[in-house]
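Q: Hi, could you walk me through this model? I'd like to start with the overall picture and then look at some details.

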Amino acid sequence: MKRWTSTVAVAAALTLGLAACSDPTADGPADTTVSWPDPTGRLDGVALTIWAAQNSNTVPQKVIEGFRAATGATVEVVTIPDPYEQGIQTKVATGDKPDLAFWQPTASMLTAINAKGNLQPLTDAPWLPSMAPQLRDITGLLDGTRYAALVTSPAVEGVYYNREVFAAHGVTAPPRNFDEMVALARQLKAKGVTPFYEMGADRWATQWWVQVQLADAAKSGLWERINTGQEKFTDPTVLGAIRKYRALIDEGLFNADIRTATFDDQGTALLDGKAAMVVQVNSFFGQLQAKADTATLDKKIGFFPISPSGNVGTFIPDQSNALVAFATGDTKREAAARQLLAYWMGPGYQDFLADRNTVSLQTAVPDPAGVPQALRDVHAALPASVGSMQAQAVANPDLFLNLADMIAGTTTPEQVAKATQDQFTQLAKAAGAPGF
Amino acid sequence: MWFLVPAFAILLVFFVLPTLFNFVYAFTDWSGFKSEINPVGFDNFVDLASSGTLFSALRITVVYAALVAVFQNVFGFALAVLLERDTRLNRVARVFFLIPVLMSALAVGYLFQALLKPDGSVNQLISAVARQPFDHGWLADNTWTIVVVALIHSWKWMGLSMLIYLAGLKTIPEDVMEAARIDGASRWRTFWAVRSPLLAPAVTFNVATALLGSMNGFDIVQATTGGGPARTTEILNIFIYRTFGQGLFAQATTMSLVLFLLVALMAFPVIHLLRKREEIL
């Protein structure tokens, strides 16, 4: 009898545990009609939480101050340690959700967080009519539903160059396409300048070199073909770009310490004129801003987009550019979260831009004075630029990691392409993409 | 009897259930991408086996564990023998060697990462002594970095091994030692023929904990190299962490199941073997 009771007790405990451990994100919002509260309506006693990364946790400061003054709501920013996306996915998988979070607004990353199950749709957001038309739908959408609010100009992959180095070697205008850039690099190398600087140790920027070479292919539907399995990373287009990158490294056009150089080294090298060019995204410029003031940056640093056919940029919105609102199940807090976004992109937008000293996304709101020229150039490249792998592919494989392995000398371009394709297939399959 | 309930409840929730789920979720398509969880049979195992990354991570994990087991025990044993006598200096030294054990593993990792950078203190010291520039990337070598990281891991935990070996040395009965002396055994002979065999239980414990601790290692490797350069230090837990972070929860669970089985498969024979040595006692 005693044994029988204890067996039942153990079985009951296990069942209870099993039930408690099932996926907490199972039920999501089904309906996509959204009401938008008045941005400055009173919210006394409401406390919201925003998850932010180490490089975005100061972004909302000014907005939060203004929002509190206008509505009485308090907003707490919680910093999630890097790697940020992994941390958030893990937390959300276990049922922990904030009201809002910084999140890369691309389709692949919205899929990765299961937007349909976890996020509030931001349909008919009140700020959309005032957004610059060419930027309104550039990102933040998944299967036609808007899930992310773009707050700052999305990052563009392109070339940051040292104006003084160019001038000292008689280069008056930036190269007009990829081949011209390589030709210029060879000239500079002949004169003893390090043409390109890459950060092999911190790894993540290695992929920009491959992606800018794919800009024209992306325009003609490369990622749609890869998304449906009609083309692969191992086919000539992507593999060719990887091979070219490898060939340029082998030719000695990069810094000699490419394997051990870090993100920080890269910034210092370009600013000091130890290297002429760096293929990077906006966060690189953010780093330069931390190292030098606007006047110095305007004097020293320039930007041009690049692709095989011309000066076409590749855009890649990142986590610091956008926010998502979570479906927490608490309708009052959900509405307050939407209200904060409406305030951010409405009455609070001018102050936000002035505080961040960054480019405006809205036609009626002017850029604050003192935005560095390079940032304006990056923003100007945006309307003509094409989507990156992150923006257009259904899954986001670790291309950068595989390329870093190649730079370290352990893999060939063919192995990089294969490893990337294998992982892409695995992720696409998990995401339920048709054809995988 | 009932006083055991809280302990068992905690064990159930934080150990038994997760382990059971490890077995359940490994056979599903659980991911961060969608809400449903469907059974998929052995798909995850087949995918993993065919990709090759799993085997490379497993190989690196076993190499790392073996290196740590050797280094940690050699250092720990040497320290125990050196600091065996109860002088005041030795007591202070023991405390100092025990401090790293108490330190956060991540802190240790970041500390060494900073020391071993190409422009870090270690290279600066070498340059100053050798009077010529020295900028070796200690954590950038595709072959030797795993040894460096294993040394760091062993440095952190050698104090614990030392403590256990010291305890072992202290429990050797004085009459056995006296008998050896009367029989005219040299100190060297006494050490190898009498004291070392009597340390067998300490060896069992130290080797097993070092091996298992490093197979489940993550923090020190993550803080020093993050699995690099070129994934030559990507032990299984780093691989699992990376996979989980991509939202591939089922695949990550499958890997941790593989790790669980590997640890079990290695632990039982090793412990059995070491136990056998103790039977002479």
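What follows is a short chat about the chains shown above.

A: Happy to! This is a predicted model, in which local features need pLDDT of at least 70, side-chain atom pairs count only at pLDDT 80 or more, and totals for chains, interfaces and linings use all residues. Residues are numbered from 1 along each chain as its sequence is written, chains are lettered from A and ligands numbered from 1 in the order written, and side-chain values use heavy atoms, without hydrogens and water.

Q: Thanks! How many helices and strands does chain A have?

A: Chain A has 21 helices and 13 strands. Both are DSSP runs numbered from the N terminus: helices are H or I with at least four residues, strands are E with at least two.

Q: How much of chain A is buried?

A: Buried residues are 54% of its 436 residues. Buried means under 20% relative accessible area, exposed over 50%, and partly exposed in between (1.4 Å probe, protein chains only).

Q: Switching topic: how many residues of chain A and chain B are in contact?

A: 35 residues of chain A touch 30 residues of chain B, where contact means heavy atoms within 4.5 Å. The two chains bury about 2800 Å² between them, 55% of it on carbon and sulfur atoms. Buried area here is the accessible area (1.4 Å probe) that two parts lose on being put together, summed over both.

Q: How many salt bridges cross that interface?

A: The rule finds 4 between chain A and chain B. It asks for a side-chain nitrogen of Lys or Arg within 4 Å of a carboxyl oxygen of Asp or Glu.

Q: Which residue forms a salt bridge with A:Asp398?

A: That's B:Arg242, with the closest N and O atoms 2.9 Å apart.

Q: What about B:Thr243, buried or exposed?

A: B:Thr243 counts as buried because its relative accessibility is 5%. B:Thr243 sits in helix α12 (residues 236-245) of chain B. Leaving aside neighbours within four places in sequence, B:Thr243 contacts B:Leu248, B:Gln251, B:Ala252 and B:Met255.
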